[in-house]
Amino acid sequence: MSGKKSDKKQEEGRSAAEWATFAVSVLILLVLVGLIAKEAGEPDRPALPEVVETGPVERHGERFLVPVVIRNTGGATAESVQIVAELTIGAEVTEADQTVEFLARDESAEVAFVFDEDPAGGTLDVRVVGFTVP
């Protein structure tokens, strides 16, 4: 008796809902496999924090503030990113430094340097001088 029901069901085939579920499942599986293959195929890139933008100088009373944007364009995280700003006016050189504790890949951070002299009257050099790899 139960053999007849089973035979009848096999003759009818799969329903539209079963085919739709199967198609969605296969699509999700293919997307996951593709993402894993893409991630595995990319070479490991080291961290690469760099100064991407030095903003306009802002005067605050007797001091001058220079905003700076740092971005990690590498593929890994950088820790303790040290940034140095060197202001040269004539023969006098003023140096300041900042540290960004954590910078993930493609992450940006904004820091500010404060000087007693107007950077517009000299040369300002801002650069990343070091970082650690966690």
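Predicted model: local features only at pLDDT ≥ 70, side-chain atom pairs only at ≥ 80, totals over all residues.

Reader: Why is the contact between Asp116 and Arg63 called a salt bridge?

Author: A salt bridge requires a side-chain nitrogen of Lys or Arg within 4 Å of a carboxyl oxygen of Asp or Glu. The N to O distance for Asp116 and Arg63 is 3.4 Å, so the pair qualifies. Asp116 lies in the loop between strand 6 (108-115) and strand 7 (123-132), whereas Arg63 belongs to strand 3 (residues 63-72).

Reader: What makes Asp116 exposed, and what makes Arg63 partly exposed?

Author: Exposed means over 50% relative accessible area, buried means under 20%, and partly exposed lies in between. Asp116 has 51% relative accessibility and therefore counts as exposed. Arg63 has 45%, so the term for Arg63 is partly exposed.

Reader: How do you know that Arg127 forms a salt bridge with Glu86?

Author: The closest N and O atoms of Arg127 and Glu86 are 3.9 Å apart; the limit is 4 Å, so the contact meets the rule. This pair also links distant parts of the chain, with Arg127 in strand 7 and Glu86 in strand 4 (residues 78-89), 41 residues apart.

Reader: Why are Arg127 and Glu86 called partly exposed?

Author: The relative accessible area is 32% for Arg127 and 22% for Glu86.

Reader: What makes Glu86, Asp125 and Arg127 one network?

Author: Arg127 also meets Asp125 in a salt bridge, with an N to O distance of 2.8 Å. Asp125 is partly exposed at 35% relative accessibility. Salt bridges that share partners join Glu86, Asp125 and Arg127. By this rule the count of salt bridges comes to three.

Reader: How do you know which residue classes line the largest pocket?

Author: The largest pocket has a volume of about 180 Å³. Its lining consists of Leu35, Lys38, Glu39, Glu42, Pro43, Asp44, Arg45, Gly75 and Arg105. Leu and Pro count as nonpolar, Gly as polar, and Asp, Glu, Lys and Arg as charged. The lining therefore has two nonpolar, one polar and six charged residues.

How values were computed
Residues numbered from 1 in each chain as written. Heavy atoms only, no water. Helix = DSSP H or I, 4+ residues; strand = E, 2+ residues; numbered from the N terminus. Buried < 20%, exposed > 50% of the residue type's maximum accessible area, 1.4 Å probe, protein only. 1 Å grid on protein atoms, 1.4 Å probe; cavity = no way out; pocket = protein on both sides within 12 Å on 5 of 7 lines; lining within 4 Å. Points joined across faces, edges and corners; volume = space filled by probe spheres on them.
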